[in-house]
Amino acid sequence: MPSQDPKPKVTGPASYFPSIEKKYGRPISEWQEMIRSSPLTKHMELVNWLKADYEMGHGHANALVHYTLNEEKWKP
């Protein structure tokens, strides 16, 4: 009988969240609040801002921005 994993596998942008928190030392909720309160509104503007001001890698910045701007899509 195959073992059942009690937690569903995280996919999509959220799969980056543990490594983002570990590497950059802030909780995801804090990054999301910063993104929401930024005067920037376009996806790539926000990605470039995170990369320039916080030295975040492109994949991490892209995942955070994509998830935050499309939050309703990712909620169960």
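A salt bridge here is a side-chain nitrogen of Lys or Arg within 4 Å of a carboxyl oxygen of Asp or Glu. What you have open is a predicted model, in which local features need pLDDT of at least 70 and side-chain atom pairs count only at pLDDT 80 or more, while totals for chains, interfaces and linings use all residues. Residues are numbered from 1 along each chain as its sequence is written, and side-chain values use heavy atoms, with hydrogens and water left out.

**Stop 1**

Please select residues 28-37, which make up helix H2. Helices are DSSP runs of H or I with at least four residues, numbered from the N terminus. Now pick out Ile-28, which lies in this helix. Is Ile-28 buried or exposed? Ile-28 counts as buried because its relative accessibility is 8%; buried means under 20% relative accessible area, exposed over 50%, and partly exposed in between, with a 1.4 Å probe and protein chains only.

Next, show the neighbours of Ile-28. Leaving aside residues up to four places away in sequence, Ile-28 touches Phe-17, Ile-20, Glu-21 and Leu-64, where contact means heavy atoms within 4.5 Å. Draw a distance from Ile-28 to Leu-64: their C-alpha atoms are separated by 8.0 Å, though the two residues are 36 apart along the chain.

**Stop 2: Arg-26 and Glu-30**

Side chains of opposite charge can pair when their charged atoms come close. Glu-30 is partly exposed at 33% relative accessibility, and Arg-26 is partly exposed at 27%.

**Stop 3: a network around Arg-36**

Move on to Glu-33, Arg-36 and Glu-71, which are linked in a network of salt bridges. Start with Glu-33 and Arg-36: both lie in helix H2, three residues apart, about one turn of the helix. The closest N and O atoms of their salt bridge are 3.6 Å apart. Glu-33 has 45% relative accessibility and counts as partly exposed, as does Arg-36 at 42%.

Then follow Arg-36 to Glu-71, where the side chains meet in a salt bridge at 3.0 Å, N to O. Glu-71 lies in helix H5 (residues 71-74) and Arg-36 in helix H2, so this pair ties together parts that are 35 residues apart in sequence. Finally, colour Glu-71 by accessibility: at 18%, Glu-71 counts as buried.

Key: Helices (H or I, at least four residues) and strands (E, at least two) are DSSP runs, numbered from the N terminus.
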